[in-house]
Structure formats: C-alpha cells, structure tokens
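Let's work through some exercises on helices together. Take a look at the model first, then try each task before you read its solution.

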Amino acid sequence: MADEPLVLGIETSCDETGVGIVRGTTLLADAVASSVNDHARFGGVVPEIASRAHLEAMIPTIRRALDTAGVKPSDLDGIAVTAGPGLAGALLVGVSAAKAYAWALDKPLYGVNHLASHICVDQLEHGPLPSPTMALLVSGGHSSLLLSEDITSDVRPLGATIDDAAGEAFDKVARVLGLGFPGGPAIDRRAREGDPRAIAFPRGLTGPRDPEYDFSFSGLKTAVARWVEAKRRAGEDVPVADVAASFQEAVTDVLTRKAVKACKDSGVDHLMIGGGVAANSRLREMAQQRCDKAGIRLRVPRPGLCTDNGAMVAALGAEMVRRGRPASATDLSADSSLPVTEVHVPAADGAGHGDVHGHAYRALGGGR
C-alpha cells in the first residue's frame with residue numbers, strides 16, 4: 001500500500017553489494033553486484049578486494065534498484081544500511097554511502113544488524129513474523145540460534161558456533177575436494193550423486209554434556225581432510241560425491257537437530273532458517289522433515305533472499321520506520337563485531353540530520 005514506508009537498504013558486509021527497495025513488506029527491487037569471481041582464485045574472500053568492488057558497484061547498483069522499483073529518491077521514507085557485523089572495510093563503504101545519501105536527501109538513516117536483517121527478510125515472502133520467532137542463521141561467518149520477540153528491538157542469542165561457521169566449513173571442505181569457491185553450492189551439487197551414509201563423519205557438540213545449542217564444525221572439517229588425505233596417501237581414488245554427501249549430512253543433521261530442540265524447549269511452534277547456507281537443498285529437506293514430525297511450521301525464504309542482499313536490510317529498515325524506532329545518528333560507524341542484541345544503532349540524544357551534500361544527491365539521481 002502507498003501509505004506503507006518506502007525504504008532503500010544497502011548491504012556490504014562481505015563480497016556482495018546489495019541494494020533493495022521495500023514498501024512495507026512488499027519487495028520492489030533487489031539489485032545485487034557480486035565480486036565472488038574476483039575472490040575465487042584465492043579460495044576465499046579477500047577483504048581489500050571486496051571493499052574496492054563495493055566502491056565500484058555502489059552507485060550503479062543503487063540506480064538499478066531505483067529504476068527497477070520505479071521510484072524517485074525523493075519518494076523514500078528512509079535509508080537503511082548494514083552497520084555490522086561483517087568485514088570492517090566492506091561495511092565502511094556501505095555505511096559511508098548510506099550516510100551521504102541520507103544527508104543529501106534529508107531522510108532518516110537506520111544502521112541495522114546483519115543477522116536481524118536475515119530474519120526480517122522472511123516477511124517479504126511469508127508475511128509478518130510470529131512472536132516469538134526462532135531463527136537458525138547459517139552462513140560463511142555465522143551459525144546461530146536466535147529467539148526474537150520483536151525483530152526491531154529484541155533478538156536473543158541461544159547458541160552460536162564456537163569455531164568454524166557452517167558456511168566456512170563448506171568452503172574448506174570444498175577446497176580439500178578440489179571443488180572450488182564458493183564451496184556451498186559445489187558440495188550441494190556433488191552430494192546429490194553420493195551416499196550420505198557412506199562415511200560416518202563426527203557430529204560436533206552433540207554429547208550429553210555439551211552445550212545444547214552451540215555448534216562446532218572445526219572437528220568435522222579436520223576429520224574430512226584427514227579421511228581424504230589417508231585415501232590419497234594410500235593411492236586410492238577419493239569418492240568425492242560420497243565425501244560431499246556424508247559431510248553435508250553431518251552438518252545438516254546437527255543444525256536441524258539443535259534448531260528443532262530449541263523450538264521445543266522454548267515452546268515456539270515456528271522455525272525460520274536464513275543465511276547463505278539456508279539455500280542448501282539437503283538442509284531444507286531435513287529441516288522440513290524434522291519440523292513436520294515435531295509439529296513446527298518451517299519458514300525459509302527462497303534461495304535468492306537467503307544469501308546477502310539489500311532486500312533484507314530494506315525489510316528491517318521498513319519495519320523500523322513502521323514502528324517508529326529512532327533513526328541512527330549521522331555519525332553512524334560500522335562495527336565489524338556488532339552483537340546481535342543490538343538490532344539497530346540509534347542516535348544519541350539530540351543528534352540531527354546534518355547538512356545536505358549536493359554531490360551525493362546528484363550521484364543518486366536526485367531531481368529525476
């Protein structure tokens with residue numbers, strides 16, 4: 001509806017420049033410029049390369065989003081940006097751009113949390129989030145179980161990875177198997193040809209005395225590497241598909257087992273899964289099976305909304321505007337270790353908008 005807040009969101013926490021435009025809970029544009037190919041030869045994201053790629057892609061991506069949405073900069077009710085967590089240099093590019101556009105257009109600025117945005121994006125596909133919402137967020141940098149009573153102000157961590165995140169483990173195992181970067185999609189494809197029961201890889205932190213909601217994938221990654229090394233040392237062929245399937249099964253087994261347990265223990269009948277690893281086909285399948293058995297409703301956005309994108313930031317920004325949450329200060333800073341409990345970074349008392357920067361307004365396409 002026209003009276004719902006129209007918000008532009010900017011996401012630059014890692015290697016993708018995302019710009020989304022949302023009106024209320026309706027997605028109008030989701031423009032993404034990825035630098036993943038620039039990192040592939042290094043086997044992982046190089047922060048300096050990511051930052052430079054964001055600088056080059058920022059203005060074209062914003063213009064593309066505005067054109068797709070069919071709106072003018074002056075129509076916006078606010079600008080949201082990922083303030084953290086993420087790569088410091090990459091975050092700074094997005095935060096600096098958002099501040100310039102907010103000042104230039106005299107619009108409120110909302111610095112929001114990357115993890116909370118991954119939860120909020122599900123509203124664009126499945127409607128308002130239930131209260132409370134249990135969320136399992138799995139990506140290259142995070143594996144977290146979060147309970148949210150209010151996505152704009154109350155997100156509580158129940159558990160997190162104590163070492164490698166699930167997505168990081170996928171990348172490292174893919175490198176061991178020679179499958180390239182990023183590892184998640186490559187392992188998912190090869191696993192479809194393999195037997196998930198072929199190799200009994202360990203399930204980390206699943207013992208009776210282990211933390212019930214925390215995750216650990218470092219030991220699993222090491223076990224896969226040693227298994228593969230032993231095969232090669234013996235001069236035997238490595239059954240790549242079976243290794244991929246067995247590794248993937250170990251990861252998804254632990255993730256879904258702990259997520260369903262958290263729902264049961266907390267009396268929550270909904271589970272939302274987000275983050276880049278949520279695009280994994282076996283994770284979706286296993287989560288659906290276990291949620292159905294437990295009487296839990298599963299909500300998972302389509303794969304394009306699971307990976308980093310501007311739509312998720314715009315979705316949380318629109319919710320901030322709708323609920324009248326305070327805007328951020330014009331001296332907003334990026335925080336690479338922003339805790340998930342800080343859903344957004346509000347302004348200090350008395351903080352204002354600041355002066356208009358005409359050159360940022362022209363770069364955005366002001367006056368169109």
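**Exercise 1.** Find which residues of α10 are buried, and where they sit around the axis.

Step 1. The buried residues of α10 (buried: under 20% relative accessible area, 1.4 Å probe, protein chains only) are Arg282, Leu283, Met286, Ala287 and Cys291.
Step 2. They cover an arc of only 150° around the axis (taken from the directions from the helix axis to the C-beta atoms), so they lie on the same side of α10.
Step 3. Across from them, on the other side of α10, Asp292 and Lys293 are exposed, that is, over 50%.

A note on the model: it is predicted, so local features need pLDDT of at least 70 and side-chain atom pairs count only at pLDDT 80 or more, while totals for chains, interfaces and linings use all residues. Residues are numbered from 1 along each chain as its sequence is written, and side-chain values use heavy atoms, leaving out hydrogens and water.

**Exercise 2.** Check the span of α10.

Step 1. Helix α10 (a DSSP run of H or I, at least four residues) has 14 residues, 281–294.
Step 2. At 1.5 Å times one less than the number of residues, α10 should span 20 Å.
Step 3. The end C-alpha atoms of α10 are 20 Å apart, which agrees.

**Exercise 3.** Which residues of α8 are buried, and which are exposed on the other side?

Step 1. Leu220, Lys221, Val224 and Val228 are buried in α8.
Step 2. Their arc is only 105° around the axis, which puts them on the same side of α8.
Step 3. Arg226 and Arg233 are exposed on the other side of α8.

Methods. Helices (H or I, at least four residues) and strands (E, at least two) are DSSP runs, numbered from the N terminus.
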